[in-house]
Amino acid sequence: MIQLHNVSMSYQAESPALNDVNLKIPKGDFVFLTGPSGAGKSTLLKLLYAELTPTRGQVLIDGVNLSRLPRSQIPFLRRSIGVVFQDYKLLPNRTVLENVAITLEVLGWGKRDIGKKVFHILKQMGLEEKINATPLRLSGGEQQRVALARALVNDPKILIADEPTGNLDDDNKEQILSVFKEANIRGTTVVVATHDKRVIVNSHRRVIRLEKGRLLEVSDVQG
Amino acid sequence: MSKAKQAFRPKLAQEGFLGRLSFFTARALANLRQNVFVSIVTVGTISLALLIAALFLLVYVNLEGMAEGWSDKVQVTAYFDREPTPLAVAALKGRVNQIPGTSKAVFVTQVEAEKRLRGRLKGQESLLEGITPEVLPASLEISLDRKHRDSAAVASYVAALKQIQGVSEVQYGEEWVKRFNSFMNLFRLMGSLLGGFLVIAVLFIVSNTIKLTIYARKDELELLGLVGATRFFIKAPFLIEGVLQGALGAVFALVALLACYFAFLKNAANFLGVNPAAAGLSFLPVPHLAAILVGGVLLGFIGSATSLKRFINI
């Protein structure tokens, strides 16, 4: 369960990126976070994986107040959250296998188990042929899928994606969305920030709309 | 998350101290391989910086060795009113040897003193006509050990020597000792100053190079933090990498120093037409070499540790 209570967030000397946001996302839910650029979508996501701390209010993940979470505990929180970053954040000098394996290395897994698990997820993503390629040799869609594989490889409780379909063609968008849905079926709570209306409409999921840092509406979209 | 997944327990690679160490070392070696150019730049910088410091140390150690050699000339001579009997000489030597700082005491008889004088005035023997050994006093020539060669120690030694019965006069080249000691103090001060500046420069250059190389990999540091790596997990491979680079840099610096040493000696012999061994330029002693190696390792470790602080924000 993700809960935000009166959350405000200001960057220095700027108008607030988030303003008094109250939100509840139940366990196992799949929600879209939408709104124009600068609405505060990315800021809200960063609060969820404790990259930012709110200026005011509280963020709770499974009852844990992130503002009170000691810094030393943040890594353990992040291990239960898979994040697909807007800019992918793939390491250019490491292979696809190594990029995805990072998540499991951090958990202390052995080489053999990492190899098996990473191969399995890359196969699911249709990337088994690219296992030894470096990200720079991949297309945008493939890079996005590698980032998704890295986020999902340890079966996180929560999956967060920031504009995951931004630069993709329709086929790739479909593929990515189906991966989100599969993860959600397996019990992962999915939060996707996007301003792609077609993606939202076709998904039939709950939509949280942000504008100028304020939560405008929480609605179910019918396709 | 399904029950089947929860039940799956992967074999952990980092269990126990050795497991962790081998994992992080493997990661550090992989990083070195994946960032060959950056690693070469870092190792090269550490090598050059340490080579400069080592060359300075080599010159300093040799100059100090030479100066220490000159201090052997610090000698105290005690003159006697009358030549003591051989039995008394033994007793006098015993008393002199009891004074702290005595390294060696040689008795010079009146006859021997006259012989020396004649030797020095060879060709001008006429000057010595009518001079008998009785004119010259018998003496005890005393060498001091290294710890008792500065002005204050020599002065207190002389005071103790004058207490011995029969000693009429003590000479020790007071002016020379003073000058020599002030030269040595100046030399050490200059050496410490230059060495200090050199160490600061080396620290500055190496720490900035490491900072730049870590800056080049700040995305990796950021990502590791975002996927749930602890500070230790992020830092350990970088620190091991720093240690390896430092050690490698130090080894290269020592090899280069050895090469410079032999090349210099050869050239010095050619230029000066002297036997290089006679010049007394010696290679750095083992403790100094070990210090350079440890210095390299510490440079790599501390350089990495301070640079990492800036880029890890968890």
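Modeller: Let's start with contact: two residues are in contact if their C-beta atoms, placed from the backbone, lie within 7 Å. By that rule, residues 24 or more positions apart account for 83% of the contacts in chain B with a separation of 6 or more.

Biologist: What kind of model is this, and how are its residues and chains labelled?

Modeller: It's a predicted model, where local features need pLDDT of at least 70 and side-chain atom pairs count only at pLDDT 80 or more, while totals for chains, interfaces and linings use all residues. Residues are numbered from 1 along each chain as its sequence is written, and chains are lettered from A and ligands numbered from 1 in the order in which they are written.

Biologist: How many helices and strands does chain B have, and what counts as one?

Modeller: Eleven helices and four strands.

Biologist: What makes β1(B) and β4(B) a pair?

Modeller: Strands pair if DSSP finds at least two bridges between them. Strand β1 (75-80) of chain B and β4(B) have four, in the antiparallel sense, so by that rule they pair. In this pairing B:Y79 stands opposite B:E169.

Biologist: Why are β2 and β4 of chain B called edge strands?

Modeller: The open sheet runs β2-β3-β1-β4 in chain B, with antiparallel pairing. β2 (102-108) and β4 each have a single partner strand, so one side of each has no neighbour in the sheet. Neighbouring strands are turned by 20° against each other on average, direction ignored.

Biologist: What lies across β2 and β3 of chain B?

Modeller: Helix α4 (86-98) of chain B does, running at about 160° to β2(B). The angle runs from 0 to 180 degrees between N-to-C directions, with axes fitted to C-alpha atoms, for helices over the stretch in contact.

Biologist: What makes you say β4 of chain B is hardly covered?

Modeller: A residue is buried if 20 or more other C-beta atoms, placed from the backbone, lie within 10 Å of its own, exposed if 12 or fewer, and partly exposed in between. Among the five residues of β4 (167-171) of chain B, the count of buried ones is zero. Over all 314 residues of chain B, 25% count as buried.

Biologist: Why are A:G166, A:K89 and A:E163 called partly exposed?

Modeller: Look at the counts inside 10 Å: A:G166 has 14 other C-beta atoms, A:K89 has 17 and A:E163 has 19. A:K89 lies in the loop between β6 (81-84) and α3 of chain A. A:K89 has a positive phi of about 55° although it is not a glycine; for A:E163, also not a glycine, the positive phi is about 45°.

Biologist: Which parts of chain A touch chain B?

Modeller: The contact takes 24 residues from chain A and 21 from chain B. On the chain A side, α2 (74-78), α3 (96-107) and α4 (111-124) each supply at least two residues, and α2(A) gives the largest share, four.
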